Amino acid sequence: MAIAVMLTLLFLTPLFYYTPLVVLSAIIISAMLGLIDYEAAIHLWNVDKFDFLVCIGAYAGVVFASVEVGLVIAVAISVVRLLLFVARPRTSVLGNLPDSTIYRNVEQYPNANHVHGVLILEIDAPIYFANSSYLRERISRWIDEEEDKLKATGKTSLQCVILDMTAVGNIDTSGISMLEELKKTTERRELKLVLANPGAEVMKKLNKSKFLENIGQEWIYLTVGEAVEACNFQLHTCKPEESQPWNNV
């Protein structure tokens, strides 16, 4: 194809000298329309609207400006998407699936039961300076909403907040500061903060920052189920120190 293009540019371009521009434009437009994959665009729209936006942005940039502009638009939209995902990670409330010790998102599994007096939150991203403030505010709103809900129903007041950190692959100093502030907030509300399944890298940094001593190793557990059992033990006996801690720190 490269050789054919070279020979055309060298020897055949004089033949197109007297061709009207409208004809040349029609040839270019016809060739361009053949490059458009409508089915792929429809597939992107059905699967991920943001990917479709990237596709349309690149297409518009190439058509109305140049290939370079189209690439810049596509890369810029992709970077914005990445920053949004990092700065606003997904958090969700977990509930217990009936007849099991498995805890899942209550929105994804409507049959999951809330644990009375316990709020279980899942953080689905590493905790960095870019999202630590958002996570602190979001968790505080979850706590406020849960307390208001329990007061309205007249059920047991909120006693424990469990953070499922299975998906937290890493944490920086801003994230650790966020956890420290969150612990102070829960203590002012007379709530107990519990961590479930933090990773090895996270545990290493929490240990070096003395946060483990602050929260107490007896409130760090391998699974959400064990954390819930410890919170239930506190609710019924008010002796949380007798619960089984996670010793593999």
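How many of the ten residues of helix H3 (residues 38-47) are buried? Select them and the number is zero, so H3 lies largely in the open; buried means under 20% relative accessible area, exposed over 50%, and partly exposed in between, with a 1.4 Å probe and protein chains only. Helices (H or I, at least four residues) and strands (E, at least two) are DSSP runs, numbered from the N terminus.

Before going on, note that this is a predicted model, in which local features need pLDDT of at least 70 and side-chain atom pairs count only at pLDDT 80 or more, whereas totals for chains, interfaces and linings use all residues. Residues are numbered from 1 along each chain as its sequence is written, and side-chain values use heavy atoms, with hydrogens and water left out.

At the start of H3, select Asp37, where a side-chain oxygen comes to within 3.3 Å of the backbone nitrogen of Glu39.

**The helix pair**

Next, select helix H4 (residues 49-64) together with helix H5 (residues 67-87), whose axes come within 6 Å and cross at roughly 160 degrees; the axes are lines fitted to C-alpha atoms over the stretch in contact, and angles run from 0 to 180 degrees between N-to-C directions. That makes H4 roughly antiparallel to H5, a description used for angles over 145 degrees. To see where the two helices meet, show the side chains of Phe50, Leu53 and Val54, which are among the H4 residues in contact, and those of Ile73, Ile77 and Leu84, which are among their counterparts in H5; contact means heavy atoms within 4.5 Å.

**Two loop residues**

Finally, select Glu190, in the loop between H7 and strand S5 (192-196), which counts as exposed at 67% relative accessibility and has a positive phi of about 60 degrees although it is not a glycine. Lys210, in the loop between helix H8 (200-208) and helix H9 (211-215), is a residue other than glycine with a positive phi, near 70 degrees.

Terms used: Polar contact = N/O pair within 3.5 Å; in protein donor to acceptor, adjacent residues only side chain to side chain. Parallel < 35°, antiparallel > 145°, perpendicular 65-115°, else oblique.
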